[in-house]
Amino acid sequence: MLRKLKLTGLTLALTALCTTTVYAHSLWVNINESFAHPPGHVITSLGWGHAMPLDDFLMSEAGAVEIEKYSLVGPDNSITPIPLPVIKQENATTSKTGMAIVPGDLGLRKISLTDKTMPGTYQVTAESKATYFTGYVDASGKHKMTTKPMDEIKGAKSFDFSTRYKAVGKSYFGIERWTQPKLVGYELEILPETDMSDVKAGDLVKFTVTLNGKPLTCDMKGMNYLHMTSNTFGGPDQYMLTAYIMNGKARSGCPPPAPGEPRSR
Ligand SMILES: [Cu+2]
């Protein structure tokens, strides 16, 4: 019998190296479970923007992100690719009320269970394609800017700055039981250490956070912290919880739900 696991709407969004307003957008993965018709299924979709669970399309005037990988990671750490969202220019329809109706693909995919489904904790992950922004001085002494990495710029006299942006989003769900998920190997990775299927208000939830495979911490190089946000936290829009990351660990109390809000969705 498959048990429905409550994820309390907690979705982890990682945004590394925010450089421009476009890049202030976060990428995350949404999971919705349905066991009304056994053996049940999980629907996954990609979130992009600011407001969870769904904010904007992956390609919009306010910001764009190209998804390079979309994967289902099994309890055994096996990786199955999920078909990538198809981004193309769609024709908008005009409403009778002065609005534009735009179709699109947010990576909405259905993962159906069978009687052969491996029990344990699954991860659905999405990775954006790395993008670069570099300022340099060319051979004639002119300051220029480009979206190439430093090693692809020929004849640069010197570099003013160079940034690399790559976003990774993850969500977790357990089938039948929760098993401790393992690191997938991302440059920046957040892994729950708490059974996320059984979190109640007031419980401490713990995470491991690694950068390039090493525990992230607060030191002279920087104060690193984990932001947690959920539409069940009960605060106003963009309300979030913050915890310092010390020696690769961050923990936070799970707040009570907002009045009238379901505990999980
Ligand atoms: Cu925005």
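Here is a short tour of the fold, its nonpolar cores and one of its sheets. The model is a predicted one. Its protein chain has 21 strands and zero helices. Of the 265 residues in the chain, 28% are buried.

**Contacts along the chain**

**The nonpolar cores**
- The largest nonpolar core holds 22 residues, and the members that touch the most others are L27, V29, L46, L58, V65, I67 and A126.
- At least two residues of this core come from each of β2 (26–34), β3 (41–49), β6 (67–73), β11 (120–128) and β15 (167–175).
- The biggest contribution to this core is from β15, which gives five residues.
- For a closer look, take I67: setting aside neighbours within four places in sequence, I67 is in contact with L46, L58, L84, P85, G107, A126 and S128.
- Another core, of nine residues, lies apart from the largest one, and its members include I190, L226, M228 and I245.
- As background, nonpolar side chains tend to be buried together in soluble globular proteins.

**A three-stranded sheet**
- Here you will find an open sheet of three strands, ordered β13-β12-β14, with antiparallel pairing.
- At its edges are β13 (143–146) and β14 (158–165), each of which pairs on one side only.
- From one strand to the next, the twist averages 10°.
- Strand β12 (residues 131–137) runs antiparallel to β14, and seven bridges join the two.
- Across from R164 in β14 stands Y132.

Note on methods:
Residues are numbered from 1 along each chain as its sequence is written. This is a predicted model: local features need pLDDT of at least 70, side-chain atom pairs count only at pLDDT 80 or more; totals for chains, interfaces and linings use all residues. Helices (H or I, at least four residues) and strands (E, at least two) are DSSP runs, numbered from the N terminus. A residue is buried if 20 or more other C-beta atoms lie within 10 Å of its own, exposed if 12 or fewer, and partly exposed in between; C-beta atoms are placed from the backbone. A nonpolar core is a set of buried Ala, Val, Leu, Ile, Met, Phe, Trp, Tyr and Cys residues joined through C-beta atoms within 7 Å. Two residues are in contact if their C-beta atoms, placed from the backbone, lie within 7 Å. Two strands pair if DSSP finds at least two bridges between them. Axes are lines fitted to C-alpha atoms, for helices over the stretch in contact, and angles run from 0 to 180 degrees between N-to-C directions.
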